[in-house]
Amino acid sequence: MSTAEQPRHRLYLAARLAAGAACELSREQAGYLLTVLRLKQGGQVLVFNGVDGEWLAELAVAGRKAASLVPVRRIRDQTARPDLHYLFAPLKHARLDYMAQKAVEMGAGVIQPVLTRRTQVSRLKHERLLANAIEAAEQCGILSLPEIRPEAALEQALAALEPDRLLVFCDEALAPESPAAALAAAPRGPLAVLIGPEGGFDEAERGLVLARPRTLRLSLGPRILRADTAAVAALALVQAALGDWAGRPG
Ligand code: SAH
């Protein structure tokens with residue numbers, strides 16, 4: 001089948017995928033395929049589960065809101081989860097949803113919410129972050145979901161980073177300078193990006209981050225960006241200079 005003929009819709013399934021092994025759909029998933037996409041018996045979608053690659057699957061309808069998908073043929077082999085860690089102070093509601101989705105689209109493989117002194121949200125709904133990650137993964141064509149870690153205090157999140165991982169610390173207090181030049185001069189190796197809360201970092205936190213070896217303090221230019229904008233800008237810069245936009249494996 002040529003790419004042009006492949007179905008456009010992709011669905012994440014939690015079940016293992018194997019040829020002929022029907023995967024029961026939840027009521028919501030079945031409703032989406034039957035009512036929103038108006039797929040009929042035998043209609044095709046792409047499915048993935050983060051382990052078994054991507055499959056062409058056919059719909060088996062069992063009722064108005066009941067259906068299963070039967071994997072027919074593997075289209076793509078499983079790829080590894082990208083190695084980019086994304087550390088961020090969680091935001092509220094819709095902007096948190098946005099941040100989780102955009103981080104996945106931009107290639108984050110580990111999502112680490114970090115609690116700082118000025119973080120406005122202290123308890124996160126893992127399910128909601130996961131739902132956003134799934135939506136983004138379905139949309140952007142990747143085959144693995146990111147690892148979503150439980151929220152951690154800044155100090156713990158820093159301690160959990162391997163010593164050789166370069167931490168790109170987006171610091172609104174740094175005088176504007178070219179982020180592209182700073183990243184071009186950075187050492188190569190595994191990567192992490194840290195974005196602060198709406199209220200920014202306090203001095204003690206700044207000291208803590210900067211005390212970590214292999215930390216690159218980065219300016220995102222002459223304007224203070226909202227945290228969700230900063231996240232996308234920083235991930236784009238890092239991917240372009242050092243990551244998979246620059247042809248390095250993710
Ligand atoms: N309230 C703070 C701004 C916080 S912006 C103030 O007015 O100073 C939220 C986060 O986005 C920051 O902690 C930082 O990680 C990132 N950020 C926003 N603009 C930035 C910039 N120009 N340079 C570097 N980081 C920036």
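## Residue classes and the ligand shell

Ala, Val, Leu, Ile, Met, Phe, Trp, Tyr, Cys and Pro count as nonpolar, Asp, Glu, Lys and Arg as charged, and the others, Gly among them, as polar. By these classes, the shell around the ligand in this predicted model holds 10 nonpolar, 5 polar and 4 charged residues. Of the 19 residues around the ligand, the ones that come nearest are Cys170, Glu172, Glu198, Leu220 and Arg223, where a residue is near a molecule if one of its heavy atoms lies within 4 Å of it.

A polar backbone atom of Gly196 is 2.9 Å from an oxygen atom of the ligand, while nitrogen atoms of the ligand lie 2.8 Å from a backbone N or O atom of Leu220 and 2.9 Å from a polar backbone atom of Leu225. The ligand on its own has 560 Å² of accessible area (Shrake-Rupley method, 1.4 Å probe), and the protein covers 83% of this.

## The protein as a whole

The protein has 7 helices and 12 strands, taken as DSSP runs (H or I, at least four residues, for helices; E, at least two, for strands). The C-alpha trace spans about 60 × 35 × 30 Å along its principal axes, and 46% of the 250 residues count as buried, that is, under 20% relative accessible area with a 1.4 Å probe and protein chains only.

## Basis of the values

Residues are numbered from 1 along each chain as its sequence is written, and side-chain values use heavy atoms, leaving out hydrogens and water. In this predicted model, local features need pLDDT of at least 70 and side-chain atom pairs count only at pLDDT 80 or more, whereas totals for chains, interfaces and linings use all residues.

How values were computed: Polar contact = N/O pair within 3.5 Å; in protein donor to acceptor, adjacent residues only side chain to side chain. Buried < 20%, exposed > 50% of the residue type's maximum accessible area, 1.4 Å probe, protein only.
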